[in-house]
Amino acid sequence: MKKIILASQSPRRRELMEMLGLPFEIQVSEAEEIITSTDPAAVTEELSRQKAEAVAEKISEGIVIGADTVVAFQNKILGKPKDRAEAEEMITSLQGQSHMVYTGVTLLVKEGVHQQSHTFSEGTKVHVAAMTEAEVQKYIDTDEPYDKAGAYGIQGIFGKFIAGIEGDFYNVVGLPVHRLYQELQKI
């Protein structure tokens, strides 16, 4: 199999890639992220493609995997909170509700001057339990909300507020492992 390169510095994506049992290396994409869509799934596909293409420019051969994950509530993308007030606003809006998490993935196969790519996205519905004001405040007092889209990580301390999901758990963490495995098998 060709050399696999993950175009991400995310420690969570690194752990998820390790689950595939395939050797890979990491090259961080320095692509400027340009969004031309408002559809959350399309945004993740667009950004994953930009990341993969930026890394593919630096190599002569291999499979580059670009990925991007967004949290969407009522079809509005929730990024990483800038401050405590924004984290509180995000968690307050998500509690007691359901929302979607989308991860877009681009597999770019490069062989010399030839390259082909395949992009897909996966969506997972996440149900968050109702939270008291005290629970919201205690959560945003931690460091967890501030480096994560939607102000939470399902695999962290916020996990106790996840009432259920419909879809791939790992997709919410940052990479749809099973779908990625299936797509890699096709190459």
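By class, how many residues of the lining of the largest pocket are nonpolar, polar and charged?

Tutor: The lining of the largest pocket has 14 nonpolar, nine polar and eight charged residues; Ala, Val, Leu, Ile, Met, Phe, Trp, Tyr, Cys and Pro count as nonpolar, Asp, Glu, Lys and Arg as charged, and the others, Gly among them, as polar. This is a predicted model, in which local features need pLDDT of at least 70 and side-chain atom pairs count only at pLDDT 80 or more, while totals for chains, interfaces and linings use all residues. Residues are numbered from 1 along each chain as its sequence is written, and side-chain values use heavy atoms, without hydrogens and water.

The largest pocket holds about 730 Å³ of space. (A pocket is an open set of points on a 1 Å grid over the protein atoms alone, where a 1.4 Å probe fits, with protein on both sides within 12 Å along at least five of seven lines; lining residues have an atom within 4 Å of a point. Points are joined across faces, edges and corners, and the volume is the space filled by probe spheres set on them.) Of the 31 lining residues, Arg 12, Arg 13, Asp 68, Thr 69 and Lys 80 lie nearest the centre of the pocket. At least two lining residues come from each of helix 1, helix 2, strand 3 and helix 5, with strand 3 giving the most, five residues. (Helices, H or I of at least four residues, and strands, E of at least two, are DSSP runs numbered from the N terminus.)

The N-terminal end of helix 1 is capped by Ser 10, which has a side-chain oxygen 3.2 Å from the backbone nitrogen of Arg 12. Just after helix 1, Gly 21 adopts a positive phi of about 75°.

Helix 2 (40–56) contains Ser 48. Ser 48 counts as buried because its relative accessibility is 0%. Its side chain reaches the backbone oxygen of Glu 45 at 3.0 Å. (A polar contact is a pair of N or O atoms within 3.5 Å; within protein, one must be able to donate a hydrogen and the other to accept it, and residues adjacent in sequence count only if both atoms are side-chain atoms.) Leaving aside residues up to four places away in sequence, Ser 48 touches Gly 66, Ala 67, Asp 68, Gly 104, Val 105, Thr 106 and Thr 119, contact being heavy atoms within 4.5 Å. One of these partners, Asp 68, is also among the residues nearest the centre of the largest pocket.

Definitions and conventions: Buried means under 20% relative accessible area, exposed over 50%, partly exposed in between (1.4 Å probe, protein chains only).
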